[in-house]
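Trainee: Please go through this entry with me, and tell me what each term rests on.

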Amino acid sequence: MAFLVHDARDLARRPRTVAGIERARASKRLWRVDLLQAGLVTSIAIAIALFLADGGGTRFATPGAAITSLGIIAGLVATDLVLVMLLLAARVPLIERAVGHDASMGLHGKLGKPVMYLLVAHGVLLLAGYALSDGIDLVAEAVSIWSLPDLPLAILGFALFALVVVSSLVAVRRKLRYESWHLIHLLVYGAVLAALPHQFSVGGLFAEGTWQRWYWMAITIGTLAAVVAFRFVAPIALSLRHRLVVAGIDRVDHDVVSIRMRGVDLDKLGATGGQFFIWRFLAPGQWWQAHPYSLSAHPRGNELRITVRALGTGSADLMGIRPGTRVMLEGPYGIFSEASRSRRRIALVAAGIGVTPIRSLLESASFRPGEATVVLRTPAANDGWLLDEIKAIARSRGATVITVPGPRGTTGWLTDSAAREGLSLAALVPELDDTDVYVCGPRGWSDAVIVDALSSGLKPEQIHHERFDW
Ligand SMILES: Cc1cc2nc3c(=O)[nH]c(=O)nc-3n(C[C@H](O)[C@H](O)[C@H](O)COP(=O)(O)OP(=O)(O)OC[C@H]3O[C@@H](n4cnc5c(N)ncnc54)[C@H](O)[C@@H]3O)c2cc1C
């Protein structure tokens, strides 16, 4: 037998014809996503409009003027997008709740290279445009504009931005420790500040008294204020308010522990199963690093719990964390939770340590007996992290647990024997077309589950996944 059904499969299913709450919640969230996307496009349009409203439309008469105008537009759009990138990474609650941390950081990452190309275009086009208009060669023009106010500082800003983008290229990033990469990434704030003065001192677009100047100052200050508020002040305020300490540690395996933490007013966090926090354990040698871990239990009273696998130095240190250690937290983040529900039924699919948010989501998700299926890829039958807890919750809530035990398959997300038997998500999960599928596990494995779900005809809005890598 390629898979094992643990319980509840035969529970009588009380029909529920309308999945009104789930659909209404999904459409509200998707409406917010549309609004944010519209905001992004509008901000680019306004950046271009600033130039056109300053008579930019008339500055295309000669080749030199046209190239200069394109250079100015490239700079305006690039700067606008840098601010968008900062907002996407600022953990603004509105963005986090609408698109989730994964998707906002995904877009943040995707914008890096195009913005760098726009910044290069800005510099090259302006140099060429000025040279053509002045009737001198590029080198002479470069020497002459070097003396423009704040230009050397702007070039330093570009160099810092380029360093951040290069350090984020997959091939380079893989070679860096997370903390080193993160430190380099912080240079982006220096890049923004260094590039700021030349925007106001070179050219007349942002001259004193113009509405363009006020608008540009407002979006720049607003973005930097959001970063300071949500990335720095909010976590400190949250940690001071909730006074979290390690209450106990339960060993799950030789390299996996569950860490229970207690604090004050934790219900006010509004956290729910499937979400994650960024945790900083204030122990010697650990206080300087913060790591994301999902809740492995739905928050109860004043207790939060995570389950950590030792995958590197930071997580290995947590294996020996002592009760009483103070903990700083940032969050809750993510929409790998009820917030993403769009259908009546739910399927929770996990492998490895990806079981943690699945375990807490099983506790917090709303479903009736018979409407939830948990599918776990485990090393052996009845062997899997948190499996006993999951079976107990499933029994009490009327969910079905299916384990697919065995070594990794050569292709797909199932074992080779399960694949030979023709198993698929649709074969394991009843009424899959009316189901939200939540997937968490190693990247390649999760991708294979998602491909299976899509090929079974599920819509993208029904598939939700959490990635543990960066
Ligand atoms: C949203 C999310 C939820 C997670 N939930 C869990 C969980 O419930 N249980 C669990 O065991 N693991 C979880 N992880 C993975 C966990 O964060 C990493 O294993 C841990 O940070 C590794 O740090 P390290 O110092 O031990 O290893 P390192 O050697 O520093 O890194 C090992 C790998 O971990 C990743 N990583 C390290 N630091 C971070 C960071 N700050 N942010 C993102 N990725 C990082 C990188 O992919 C890196 O290649 C989660 C990750 C994310 C992004």
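Trainee: What covers the buried residues of α8?

Mentor: The cover includes α2, α3, α5, α7 (178–185) and α9, where contact means heavy atoms within 4.5 Å. The model is predicted, so local features need pLDDT of at least 70 and side-chain atom pairs pLDDT 80 or more, while totals for chains, interfaces and linings use all residues. Residues are numbered from 1 along each chain as its sequence is written, and side-chain values use heavy atoms, without hydrogens or water.

Trainee: Which residues of α8 are called buried, and what makes them so?

Mentor: Val188, Tyr189, Ala191, Val192, Ala194, Ala195, His198, Gln199 and Phe200 are buried. The word means under 20% relative accessible area, with exposed over 50% and partly exposed in between (1.4 Å probe, protein chains only). Just after α8, Gly203 has a positive phi of about 75°.

Trainee: What makes the 35 residues a nonpolar core, and which touch the most other members?

Mentor: A nonpolar core is a set of buried Ala, Val, Leu, Ile, Met, Phe, Trp, Tyr and Cys residues joined through side-chain atoms within 4.5 Å. In the largest one, Leu76, Val115, Phe161, Phe206 and Trp216 touch the most other members. α2 gives the largest share of this core, ten residues. Leaving out residues up to four places away in sequence, Phe161 touches Val82, Met85, Gly112, Val115, Met116, Leu119, Val188 and Ala191. A second core of 25 residues is separate, and includes Val374, Leu386, Leu387 and Ile393.

Trainee: Why are β1 and β12 said to stand at the edges of the open sheet?

Mentor: The six strands follow the order β1-β10-β9-β8-β11-β12, with mixed pairing. Strands pair if DSSP finds at least two bridges between them. β1 (4–5) and β12 (463–466) each have a single partner strand, so one side of each lacks a neighbour in the sheet.

Trainee: How many bridges join β9 to β10?

Mentor: Six bridges join β9 (372–378) to β10 (400–405), and these strands run parallel. Arg377 stands opposite Val404 in β10.

Trainee: How much area do domain 2 and domain 3 bury between them?

Mentor: They bury about 620 Å², 53% of it on carbon and sulfur atoms; buried area is the accessible area (1.4 Å probe) lost on being put together, summed over both parts. On the domain 2 side, Arg91, Arg177 and Glu179 lose the most area, together 62% of what that side buries.

Notes. Helix = DSSP H or I, 4+ residues; strand = E, 2+ residues; numbered from the N terminus. Buried area = accessible area lost by both parts, 1.4 Å probe.
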